[in-house]
Amino acid sequence: MDKPLDLLEFETMLLGRHMHMLNPRARGAGEERLDRSAYVLLSRIQAQGPMSIGEFSEAFSLDASTLNRQTAAMVRAGVVERMPDPEGGMARKFAITAEGERRLDIHRTENLEGLEKVMVDWTAEDVAEFAAYLSRFNRDIERLDGRPWPRG
């Protein structure tokens, strides 16, 4: 690992492995806990508004059958609801429910608490610099992929 890109590849692999372990409560099962796919889909709905299966498919490059399974589980969990397309389209859209907002907030708070534990010895400037580089990295991936994540 003598090249910077080799080190970056290795460290991003580890980051993917470690993210779910930031908070011990996150590893446990429980009704309050969202799985990774629900967390990501709910976060996207929260950022963009109600979305159809086709819009999810375009945003995440996932097939409709995968998304149908994921959204069906989310409907059963009460975190999204189906609604008519507000623009009059034929497809139904999925909107986040109050329960979905509540559980998303819990999950995000747990993630933040885990990050705070990991970065307890980091200065505010170090955290801000790391966040800026990570944001730049993600935006460059999104630019190449052609699927930008909506940011407020």
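The protein exposes about 10300 Å², and carbon and sulfur atoms supply 57% of that area. Accessible areas come from the Shrake-Rupley method with a 1.4 Å probe, and for residues only the protein chains shown count as cover. This is a predicted model, in which local features need pLDDT of at least 70 and side-chain atom pairs count only at pLDDT 80 or more, while totals for chains, interfaces and linings use all residues. Residues are numbered from 1 along each chain as its sequence is written, and side-chain values use heavy atoms, leaving out hydrogens and water.

Start with the overall layout. The C-alpha atoms fill a box of roughly 55 × 35 × 25 Å along the principal axes. The protein has 7 helices and 2 strands. Helices (H or I, at least four residues) and strands (E, at least two) are DSSP runs, numbered from the N terminus. Their order from the N terminus is α-α-α-α-α-β-β-α-α. Of the 152 residues, 27% are buried. Buried means under 20% relative accessible area, exposed means over 50%, and partly exposed lies in between (1.4 Å probe, protein chains only). Among contacts with a separation of 6 or more, 53% join residues 24 or more positions apart; a contact means heavy atoms within 4.5 Å.

Now go inside. The largest nonpolar core has 17 residues. Such a core is a set of buried Ala, Val, Leu, Ile, Met, Phe, Trp, Tyr and Cys residues joined through side-chain atoms within 4.5 Å. L34, L42, F56 and M74 touch the most other members. Two or more residues come from each of α3 (36-48), α4 (53-60), α5 (64-77) and β2 (92-96). Helix α3 gives the most, with 5 residues. M74 touches A38, L41, L42, V79 and V80, not counting residues up to four places away in sequence.

The strands come next. Strand β1 (residues 80-84) runs antiparallel to β2, joined by 5 bridges. Two strands pair if DSSP finds at least two bridges between them. V80 has I96 as its bridge partner in β2. In β2, 4 of the 5 residues are buried, so this strand is largely enclosed by the rest of the structure.

Helix α6 holds H107. H107 is buried, at 7% relative accessible area. With residues up to four places away left out, H107 touches R33, L34 and Y39.

The structure holds 6 salt bridges, each a side-chain nitrogen of Lys or Arg within 4 Å of a carboxyl oxygen of Asp or Glu. One of them joins the side chains of E55 and K93 (3.1 Å, N to O). E55 lies in α4 and K93 in β2, so the pair ties together parts 38 residues apart in sequence. K93 is buried, at 7% relative accessible area, while E55 is partly exposed at 29%. E55, D85 and K93 are linked in a network of salt bridges.

Finally, return to the surface. A nonpolar patch there has about 1000 Å² of accessible area together, and its residues include L5, L8, W122 and F137. Patches are made of residues with over 30% relative accessible area and no salt bridge: like charges are joined within 9 Å, nonpolar side chains (Val, Leu, Ile, Met, Phe, Trp, Tyr) within 5 Å. Helices α1 (4-18), α6 (98-118) and α7 (124-145) each supply at least two of its residues. Helix α7 gives the most, with 5. L8 sits in α1 and is partly exposed, at 39% relative accessible area.
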